[in-house]
Amino acid sequence: MSTALSANTETVRINIDRLWDSLEKMAETGPGIAGGCNRQALTDEDDKGRKLFVEWCQQAGLSVTVDQMGTLFASRPGSDPQAAGIYIGSHLDTQPTGGKYDGVLGVLSGLEVVRTLNDHGIRTQRPIVISNWTNEEGSRFAPSMLASAVFAGVYSLEYAHGLKDQAGITLGQELTRLGWLGSEPVGKRTMHAYLEYHIEQGPILEAQHKTVGVVTHCQGQSWLEVTLTGRSAHTGSTPMTMRANAGLAMARIIDAVDHIAMAHQPNAAGSVGQIKVYPNSRNVLPAKVIFTIDIRAADKHKFDRICTLVRDKIREISHAHGVAFSIEKIGHYDPVEFDADMTGIIRQAAEDMNYPHMDITSGAGHDATWIARVAPTAMIFCPCVGGVSHNESEAISPEWAQAGANVLLQTALQLANT
């Protein structure tokens, strides 16, 4: 077996038919209602997907271990038993109306890298380890990117195990019920490098006719839950000048968030995604509203500035409308710059294989965001049709998937032999 890069390994390519078949078979576990998937974290559907993945890993000769967050690590040994591994990871859980490729492409492309090395009898110096992180989406147990955050020391294991879904069931209970509560302590592994291959979840690569995205940064993200408390009153008999209308104050805050984000382009966003109104009656002014604000930016100074301006506007508008306010930070991470040496290897690999490529910033959060705190980390993006994601109509082409997976393979090979 070869133990170093050679001309032969530089021309090795993944088997796209096998990768595509694996993507289609995984989509059959937890199918959605409109062609996508509903495989939320630690549901019976997620359990089926995990078991299928483990079966495939064992068939490829990998040893699989599980940590106390239920994260799966499938390892292919290297020639140096003391060497830290090259980790390739993402997630198998989906949104309630998720697509076939978000997260799944990265995990199964990692498996395809190993299968390809097996096909060609290539042995690497360092181990290669595929990771399936638990509860990346956060659709069932908030916050998102949970297991990787615990791995990186952002949240405690006790905090994560105590999180509840809408039915009041804890994450720890579901790990136990499904048999995915492993014994390995979380975060005790040493990574030489971490790679994540993911669909872009945006329209830029397709619009620019690029096949591979070299991800240089990930936008910082702040999630705020805002509660405004006004006064219920009759919509007809209460004069406009004598109201404490929580709904109106919310509307003006939403507009302000949009204006602030637009004033700080490019690579910044401000959005409101969830709204609850009480009492939610057509002829009663809202006494209370609860809504979430999502703030993102790639530049740290810009990110901090937007966060400050949004908080100032909440305070200003609330006072102007006579409503009380509270702000709870329910999620936050600063912008991330990925490892320059690793992004250079990815860029060169795409260049060597003549794939049209470009540097790009990730607008979404990924497990790589947290792992970058504890190991050199980089990401590769695959285009997706129309930029649509978190939607059952999410689509990619086999040619796009193949290109990114080949770049992943060559990058992993170079890292695993240095």
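Start by selecting Met-342, Thr-343, Ile-345, Ile-346, Ala-349 and Ala-350: these residues of helix α11 are buried (buried means under 20% relative accessible area, exposed over 50% and partly exposed in between, with a 1.4 Å probe and protein chains only). They share one side of α11 because they cover an arc of only 155 degrees around its axis; the arc is that of the directions from the helix axis to the C-beta atoms.

Before going on, note that this is a predicted model, where local features need pLDDT of at least 70 and side-chain atom pairs count only at pLDDT 80 or more, while totals for chains, interfaces and linings use all residues. Residues are numbered from 1 along each chain as its sequence is written, and side-chain values use heavy atoms, with hydrogens and water left out.

Now show all of α11, residues 340-352: 13 residues reaching 18 Å from first C-alpha to last, close to the 18 Å expected at 1.5 Å a residue. That expected span is 1.5 Å times one less than the number of residues. Helices (H or I, at least four residues) and strands (E, at least two) are DSSP runs, numbered from the N terminus.

What do the buried residues of α11 pack against? Colour β5 (191-199), β6 (212-218), β12 (357-362), β13 (377-382) and α13 (398-416) to see these partners; contact means heavy atoms within 4.5 Å. At the N-terminal end, Asp-339 is the cap, with a side-chain oxygen 3.2 Å from the backbone nitrogen of Asp-341. Just past the helix, Asn-354 has a positive phi of about 60 degrees.

**Next stop: α10**

Select residues 300-320. Zoom in on the start of α10, where a side-chain oxygen of Asp-299 comes within 3.2 Å of the backbone nitrogen of His-301.

**Last stop: aromatic pairs**

How many aromatic pairs does the structure hold? There are eight; rings of Phe, Tyr and Trp (its six-membered ring) pair if their centres lie within 6.5 Å, with planes under 30 degrees apart counted as stacked, over 60 as edge-to-face and the rest as tilted. Pick Phe-73 and Tyr-87, an edge-to-face pair at 6.2 Å centre to centre and 80 degrees between planes. Phe-73 sits in β2 (residues 72-76) and Tyr-87 in β3 (residues 85-90), 14 residues apart.

Then jump to Tyr-333 and Trp-370, edge-to-face at 5.4 Å and 75 degrees. Tyr-333 lies in β10 and Trp-370 in α12, so this pair ties together parts 37 residues apart in sequence. Tyr-333 is buried at 5% relative accessibility, and Trp-370 at 3%.

Finish on Thr-369, also in α12 (residues 367-371): it is buried, with a relative accessible area of 2%, and touches Met-145, Cys-218, Tyr-333 and Val-336, not counting residues up to four places away in sequence.

Note on methods:
Polar contact = N/O pair within 3.5 Å; in protein donor to acceptor, adjacent residues only side chain to side chain.
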